[in-house]
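Subject: Structure handover

Hi,

Here is the structure for you to look through. My notes follow it.

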Amino acid sequence: MLQTTRNSPISELSVWAPLVLAILRIVSALLLIDQGLNTLLHFPQAGVPDGLDAAAGAIEVVGGSLIAVGLCTRIAALAAAAEMAMAYGALDRPDTTILFCVVFFYLVFAGPGLWSLDGRIHPSDARPRPGDDRTTAGKVLAGRTNPRASLAGHDLDPLQRNTIHD
């Protein structure tokens, strides 16, 4: 008999998705701040950046700071994603800017995750509601069910239903 993905331990990893999203948000934002500071301060050689570099650096530092603390995350992530896409073409930045662009564009749709000021201000924006019956993660976080221990008839194969009810 084939093992379904519902009974697989891998499906239980979805419980950790909000936490991993927060870690992705924070680490990416800190790397963006570092890149912005390097652009503004021209490490290792000191100097004043030209106008386009200065604007890009300012967006990276301010947007990265907002994303790191999780304040106005979706708006800041959209600005950062757009700036990264433009920086790749206009400022001839390396290919890693495309990765930044995709990560920040993902954050526009995913939201801030845990550990964010947006989550404190608007709790439904940052994490799944514990009472939300639409997701297994919501049920597990609410402590209502264990996905492995579920004996509901719709979660089992027909052969397993017969052995449980006998």
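In which helix is Glu-60 found? Glu-60 sits in helix H2, residues 51–69. Helices are DSSP runs of H or I with at least four residues, strands are runs of E with at least two, and both are numbered from the N terminus.

Before the details, some ground rules. This is a predicted model, where local features need pLDDT of at least 70 and side-chain atom pairs count only at pLDDT 80 or more, while totals for chains, interfaces and linings use all residues. Residues are numbered from 1 along each chain as its sequence is written, and side-chain values use heavy atoms, with hydrogens and water left out.

The overall fold

The protein chain has eight helices and zero strands. Along the sequence the pattern reads α-α-α-α-α-α-α-α. Of its 166 residues, 32% count as buried. Buried means under 20% relative accessible area, exposed means over 50%, and partly exposed is in between (1.4 Å probe, protein chains only). The chain exposes about 10400 Å². Carbon and sulfur atoms supply 67% of that area. Accessible areas come from the Shrake-Rupley method with a 1.4 Å probe; for residues, only the protein chains shown count as cover. Take the contacts in the chain with a separation of 6 or more: residues 24 or more positions apart account for 62% of them. A contact means heavy atoms within 4.5 Å.

Glu-60 and its partners

Is Glu-60 buried or exposed? Glu-60 is buried, at 0% relative accessibility. Leaving out residues up to four places away in sequence, Glu-60 touches Leu-32, Ile-33, Gln-35, Gly-36, Thr-39, Glu-83, Met-84 and Arg-93. A polar atom of the Glu-60 side chain lies 3.2 Å from the backbone nitrogen of Gly-36.

How many salt bridges does the structure hold? It holds one. A salt bridge is a side-chain nitrogen of Lys or Arg within 4 Å of a carboxyl oxygen of Asp or Glu. Here the side chains of Arg-93 and Glu-60 meet, at 2.7 Å, N to O. Arg-93 lies in the loop between H3 and H4 and Glu-60 in helix H2, so the pair ties together parts that are 33 residues apart in sequence. Arg-93 also counts as buried, at 13% relative accessibility.

Helix H1

H1 covers residues 17–41, 25 residues in total. From first C-alpha to last, H1 reaches 36 Å, close to the 36 Å expected at 1.5 Å a residue. The expected span is 1.5 Å times one less than the number of residues. Buried residues of H1 include Leu-32, Ile-33, Gln-35, Gly-36 and Thr-39. The cover over the buried residues of H1 includes H2, helix H3 (73–90) and helix H4 (96–110).

Val-20 is also in H1. Together with Ile-10, Leu-13 and Trp-16, Val-20 makes a nonpolar surface patch of about 470 Å². Patches are made of residues with over 30% relative accessible area and no salt bridge; like charges are joined within 9 Å, and nonpolar side chains (Val, Leu, Ile, Met, Phe, Trp, Tyr) within 5 Å.

H3 has 18 residues, which should span 26 Å at 1.5 Å a residue. Its end C-alpha atoms are 25 Å apart, which agrees. Thr-73, Ala-76, Ala-77, Ala-80, Ala-81, Glu-83, Met-84 and Ala-87 are the buried residues listed for H3. Their cover includes H1, H2, H4 and H5.

Val-103 is in helix H4. Val-103 is buried, with a relative accessible area of 15%. Val-103 touches Leu-24 and Ser-28, not counting residues up to four places away in sequence.

Positive phi angles

Most residues other than glycine have a negative phi. Which residues go the other way here? His-42, which follows H1, has a positive phi near 50°. Asp-92 follows H3, with a positive phi near 55°. Asp-92 is in the loop between H3 and H4, and is exposed, with a relative accessible area of 68%. Trp-115 has a positive phi of about 55°. Trp-115 is in the loop between H4 and helix H5 (117–121), and is exposed at 52%.

Best wishes

Key:
A polar contact is a pair of N or O atoms within 3.5 Å; within protein, one must be able to donate a hydrogen and the other to accept it, and residues adjacent in sequence count only if both atoms are side-chain atoms.
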